[in-house]
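Student: Please take one close look at the aromatic rings in this model. I would like the geometry, the cut-offs and the surroundings in one connected answer.

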Amino acid sequence: MKKPKLVISTGAGMSAESGISTFRDSGGLWDKYPVMDVASADGFARNPELVHSFYNTRRHELVKAQPNAGHRGLVELEQWYDTYVITQNVDNLHERAGSEHVLHLHGELMKVRSMKHPERVYELSEGNLDTTVDTRDEYGDAVRPHIVFFQEAVPNIEPAIELASEADVFVVIGTSLAVYPAASLLHYVRRGVPVYYIDPNPAPVPDYVTVLRMPATKGVEELVRLLRP
Ligand code: APR
């Protein structure tokens, strides 16, 4: 019997209870760092060393973090739903929690890629988290974070739109819905498909969306209660 398709779109709030800073909450990353200096194509061209060290710092934080009950609750739903996670997050907490299908829209923090041959992507290990402008791959080429900087295209938005348009249930967790094209996914969900939004401080959404005004760990627990057969 084919399982219904559950598509979940997550943002930084999904990882907040794992101790990873969000961007736009007070005290968030964009309060501490000038976003266009550390996370844009122009910023990387201007001062690549600063960008390398920004992502090095975030990798060191990530390896100390663990998936939270929210990540694990989404894995629990895989027994009843064909579950796909589309995440704006560059952390690997969904994968480490055991999610089978994770599509990253904004890249992956634990990966770097060749500047000359972008198809050459390398996974960094816990013992080798840092890169600099002098880091070279095995071909002698410079590498860059495997991150979608502001001003760059979001290559995975097409498959993400396809997933959203096929969803039988759509869930949004922990995102301010401030950044496009990720924020547009909600509008590709077929009419009549149930949509849930878990966020303690939710952005405005259409009234057909069921808002669970709570943190991800509590919200996913409630979601499992609502969605389990
Ligand atoms: N549980 C669930 N949601 C939470 C929690 C929590 N414990 N704590 C905060 N939130 C919510 C906030 O209320 C907010 O709606 O998480 C959201 C965080 O919003 P942002 O910081 O804007 O993060 P996000 O929406 O993921 O940003 C999108 O912007 O800077 C770029 O590339 C970056 O992927 C990022 C994108």
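Tutor: A search of the whole structure finds six aromatic pairs. Rings of Phe, Tyr and Trp (its six-membered ring) pair if their centres lie within 6.5 Å; planes under 30 degrees apart count as stacked, over 60 as edge-to-face and the rest as tilted. This is a predicted model, so local features need pLDDT of at least 70 and side-chain atom pairs count only at pLDDT 80 or more, while totals for chains, interfaces and linings use all residues. Residues are numbered from 1 along each chain as its sequence is written, and side-chain values use heavy atoms, with hydrogens and water left out.

Start with phenylalanine 23 and tryptophan 30. Their pair is tilted, at 5.0 Å centre to centre and 35° between the planes. Tryptophan 30 also pairs with phenylalanine 54: the ring centres are 6.1 Å apart and the planes meet at 25°, so this pair is stacked. The link joins distant parts of the chain. Tryptophan 30 sits in helix H2 (residues 29-32), and phenylalanine 54 sits in helix H5 (residues 48-64), 24 residues apart. Helices here are DSSP runs (H or I, at least four residues), numbered from the N terminus.

Now burial. Tryptophan 30 has 18% relative accessibility and therefore counts as buried. The term means under 20% relative accessible area, with exposed over 50% and partly exposed in between (1.4 Å probe, protein chains only). Phenylalanine 54 is buried as well.

Widen the view. Ring pairs link Phe23, Trp30, Tyr33, Phe44, Phe54, Tyr55 and Phe149 into a cluster. One member, phenylalanine 44, has a charge over its face: arginine 144 lies 5.8 Å from the ring centre. The criterion is NZ of Lys or CZ of Arg within 6 Å of the ring centre and within 35 degrees of the ring normal. Arginine 120 lies over the face of tyrosine 139 too, at 3.7 Å from the ring centre.

The ligand comes next. Tryptophan 30 has a side-chain N or O atom 2.8 Å from an oxygen atom of the ligand. That is a polar contact, a pair of N or O atoms within 3.5 Å. Backbone atoms take part too. A polar backbone atom of alanine 12 is 2.8 Å from a ligand oxygen. For glycine 174, a backbone N or O atom lies 3.4 Å from an oxygen atom of the ligand.

How values were computed. Helices (H or I, at least four residues) and strands (E, at least two) are DSSP runs, numbered from the N terminus. A polar contact is a pair of N or O atoms within 3.5 Å; within protein, one must be able to donate a hydrogen and the other to accept it, and residues adjacent in sequence count only if both atoms are side-chain atoms.
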